[in-house]
Amino acid sequence: MLVNSHGGSDLRRTMLEFQPGKTYRLHLLNISATGMVRFGIEQHEMYVIEVDGTAAEPKLVNNVQFSVGQRVSVLVTAKNITEANYAYYADIFTDIQAGVERAVLPFTSVVEYSKNAPLVNATDKTSTAGWDFFGDIDLVPIDKQPPPGVNKWVPLEARTAIFDDRREHLSFNNRTYEKPTVPTLTSVLTTGYQLHNSGLYPVCRDTITILPHKLALLQFKADNPGVWLLHCHMAFHVEQDMVATFIEDPYYIRNGTNLPKEYSDNCKQMGIPLAGNAMGHNGPNLPDEPKGPLPLTGL
Ligand SMILES: [Cu+2]
């Protein structure tokens, strides 16, 4: 996890120096490959004020938990003391298997008020007791925009299964992600077809935590022309095909985009076609059958 751009895999070397009475903004980023992170400071409360770049009304919490790829800002007011230092923790929730006892990889460092002050005894953070969500879904954005309304529903069912290549895949709607023969942007520009954003005044953000066996309803206004990935943020789930592509406003893209020469030069050098749909054919229609791997049937 990164705290104000410091840390990476070794947060233990990252001390936070606090001066008495000052308020600090800590920008937290979960850069792990698979694990949810919990951040907190012993005997300090904090206010969540931002998630994924969207400012929110301050919400008082003891700690924050957030998933891979998520960004959270908190405000912490330093105590008016210099007699003690406190541990902070950025623990990684290592076990994502349902039904298996949870495991926590503890990472701790120090919030230092004074070089010579003793460290207040850190409590045991290796258990998962006290892991609770801070309710990011209930955060209230500062900029209150009503939800855009829905013109089109795209149901995506995520599923884990062994496919006919005898490997486990994480599919959307029983389809694995197939690397297109032609880059999708090229397809938009040369054939005829056509994410990121949620309650009352939902916080507009580009990530969401979905717990096992749960579903999420996402709304986004498709007004950002481009080719966008919708994907699980766990690295090995991407590897296992938990990826989909959304193309927003292809007409705008086609009318307003001049690809740089380097794009076509690179494609030529790499033998990538400069026209056609995902399968390299002309026109919008893809053959009915995907290249595969395909779901196993008859089990
Ligand atoms: Cu996943």
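With its C-beta neighbours inside 10 Å counted, is Lys22 buried or exposed? Lys22 counts as exposed, because it has 10 such neighbours; a residue is buried if 20 or more other C-beta atoms lie within 10 Å of its own, exposed if 12 or fewer, and partly exposed in between, with C-beta atoms placed from the backbone.

Before continuing, note that this is a predicted model, in which local features need pLDDT of at least 70 and side-chain atom pairs count only at pLDDT 80 or more, while totals for chains, interfaces and linings use all residues. Residues are numbered from 1 along each chain as its sequence is written.

**Stop 1: the whole chain.** The secondary structure comes to four helices and 16 strands; helices (H or I, at least four residues) and strands (E, at least two) are DSSP runs, numbered from the N terminus. Of the 299 residues, 22% count as buried. Colour next by pLDDT, the predictor's confidence in each residue, from 0 to 100. The chain averages 83, and 85% of the residues score at least 70. Confidence is highest in E9, at a mean of 97, and lowest in strand E11 (residues 104–105), at 71. Over residues 192–199 the pLDDT is below 50, and beyond near neighbours in sequence this stretch has 23 contacts in the model; two residues are in contact if their C-beta atoms, placed from the backbone, lie within 7 Å.

Stop 2: Select the loop between strand E3 (16–17) and strand E4 (23–29), where Lys22 is found.

**Stop 3: the open sheet.** Select the six strands in the order E2-E1-E4-E9-E6-E7, which form an open sheet with antiparallel pairing; two strands pair if DSSP finds at least two bridges between them. The edge strands, each pairing on one side only, are strand E2 (6–7) and strand E7 (54–61). Within the sheet, E4 pairs with strand E9 (residues 71–77) over seven antiparallel bridges, and Leu26 stands opposite Val74 in E9.

**Stop 4: strand E5.** Select residues 36–41: six of the six residues of E5 are buried. Met36, Arg38 and Gly40 point one way, and Val37, Phe39 and Ile41 the other. In a regular strand the side chains alternate between the two faces of the sheet. E5 pairs with strand E10 (residues 86–93) over six antiparallel bridges, where Ile41 has Tyr88 as its bridge partner. E5 also pairs with strand E8 (residues 63–66), over four antiparallel bridges, and there Gly40 is partnered by Asn63.

**Stop 5: the nonpolar cores.** A nonpolar core is a set of buried Ala, Val, Leu, Ile, Met, Phe, Trp, Tyr and Cys residues joined through C-beta atoms within 7 Å. The largest has 28 residues, and those with the most contacts inside it are Val37, Val48, Val64, Val72 and Val74. The elements giving two or more residues to this core are E5, strand E6 (46–51), E8, E9 and E10, of which E10 gives the most, with five. Centre on Val74: leaving aside neighbours within four places in sequence, Val74 contacts Leu26, Leu28, Met46, Tyr47, Val48, Ile49 and Val64.

**Stop 6: helix H4.** Finish at residues 261–270, where H4 lies largely in the open because the number buried among its 10 residues is zero. Just after H4, Gly271 takes a positive phi of about 70°.
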